[in-house]
Each structure stands twice: as structure tokens, then as C-alpha cells.
Amino acid sequence: MDKSPDAFRTISEVADDLDVPQHVLRFWETRFNHIKPLKRGGGRRYYRPDDIDLLKGIRHLLYGEGYTIKGVQRILKEEGVRFVQGIGRGEQTLAELHPERDIAHPDESGSIPEGLLPEEDELPPPPQRELSREALRGLQGALEELYECDRVLTSLRSPGDVAAVE
């Protein structure tokens with residue numbers, strides 16, 4: 001028997017509905033303080049319909065739109081929980097934030113909208129050891145191949161294409 005739309009859902013039900021593992025939902029709770037499922041004895045989580053809409057909105061922003069966690073946190077701070085819940089219900093779109101441009105694509109300047117690239121502190125730390133001579137030679141070879149690809153592509157462009165790119 002199906003539950004009422006207003007019924008609370010367990011973490012396993014929500015995880016199945018969102019197609020994410022349960023540990024991801026627990027992790028999101030640590031990153032988004034707006035996610036507050038009801039916890040009963042033994043720590044069992046129960047999600048209200050608004051919680052589920054918020055999770056759907058967060059999932060869409062992270063997986064569907066390519067936002068980083070910091071980008072979604074910024075949207076929650078600037079636009080509010082109701083906006084992200086509306087995204088989760090399909091009532092809101094990101095175009096409402098920036099109607100002058102397509103959020104999913106770079107703007108005319110070629111820059112990618114804020115929140116789509118990882119912040120510096122979200123990047124993995126650089127390796128602490130030096131590369132071997134063999135690894136450096138491999139990287140040098142790859143760089144030379146990239147330069148050659150750029151040269152070939154540039155030679156294939158018509159003069160009008162080059163002017164449009166510059």
C-alpha cells in the first residue's frame with residue numbers, strides 16, 4: 001500500500017526516491033543545515049514532504065545543473081529554502097535567478113557561471129612529492145600533442161571563425 005503524500009518517509013524510502021545512497025543524504029545533512037529530518041529513538045530519520053522537496057532541489061542543483069556544494073549553499077543563502085524546494089517540486093527554475101543568460105552554459109565572455117566550478121578549498125590538495133623524470137617526460141609529450149592539436153584546429157578554421165573567437 002502506498003503512503004499518503006503527506007506521510008513521513010524513512011531514509012531508505014527517500015534514498016530510493018532520489019536514487020542516491022543513504023550515506024549521501026547523511027552527508028548532505030552535514031553540509032546543508034536546512035536539512036533537518038525528524039529523529040526518533042535510535043536515531044532513525046523521518047523526512048517530511050518539505051524535507052524531501054528540499055533534497056530533490058539540492059540533488060537537481062548538484063547532479064542536474066553541476067553546481068558545487070558551495071554553489072548550492074550560496075543559492076540557499078541568497079534565494080532561500082522555498083526557492084530550492086520549488087526547484088525540487090519542478091515549480092522553479094534557475095532561469096528565474098539569471099533570466100539574462102543560460103545558466104548551464106558560459107556567457108558571452110566565455111566565463112562559467114559562479115558556483116559551477118569548484119572553489120579553491122574544494123579541490124584536492126596538490127601532491128606532496130615530486131614527479132619522476134619519466135612522468136615529467138610523459139607530461140611534456142602530452143603538452144606537445146595538445147599544442148599540435150591546437151595548431152591543426154587553428155589551420156582548419158576559416159578567417160571569419162578566427163575573428164569570431166578573438
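User: How many salt bridges does a search of the whole structure find?

Analyst: The search finds nine. A salt bridge is a side-chain nitrogen of Lys or Arg within 4 Å of a carboxyl oxygen of Asp or Glu. This is a predicted model: local features need pLDDT of at least 70, side-chain atom pairs count only at pLDDT 80 or more, and totals for chains, interfaces and linings use all residues. Residues are numbered from 1 along each chain as its sequence is written, and side-chain values use heavy atoms, with hydrogens and water left out.

User: What makes R74 and E78 a salt bridge?

Analyst: Their closest N and O atoms are 3.7 Å apart. The cut-off is 4 Å, so the pair counts.

User: How are R74 and E78 placed in helix α4?

Analyst: They are four residues apart, about one helical turn. A helix here is a DSSP run of H or I with at least four residues; a strand is a run of E with at least two; both are numbered from the N terminus.

User: Why is E78 called exposed?

Analyst: Its relative accessibility is 53%. Buried means under 20% relative accessible area, exposed over 50%, and partly exposed in between (1.4 Å probe, protein chains only). E78 has 53%, so E78 is exposed.

User: What about R151 and E148, which meet in a salt bridge?

Analyst: The N to O distance is 2.5 Å. Both residues lie in helix α6, three residues apart. R151 has 49% relative accessibility, so R151 counts as partly exposed. E148, at 37%, is also partly exposed.

User: Why does E29 count as buried?

Analyst: E29 lies in helix α2 (residues 22-31). Its relative accessibility is 16%. That is under 20%, so E29 is buried.

User: Which residues are linked with E29 in a network of salt bridges?

Analyst: K39 and R45 are linked with E29. E29 also touches I35, P37 and Y47, among others, not counting residues up to four places away in sequence. Touching is contact: heavy atoms within 4.5 Å.

User: How do you know that β2 pairs with β3?

Analyst: Two bridges join β2 to β3 (residues 45-47). Pairing needs at least two bridges found by DSSP, so β2 and β3 pair. They run antiparallel. In this pair, K39 stands opposite R45 in β3.
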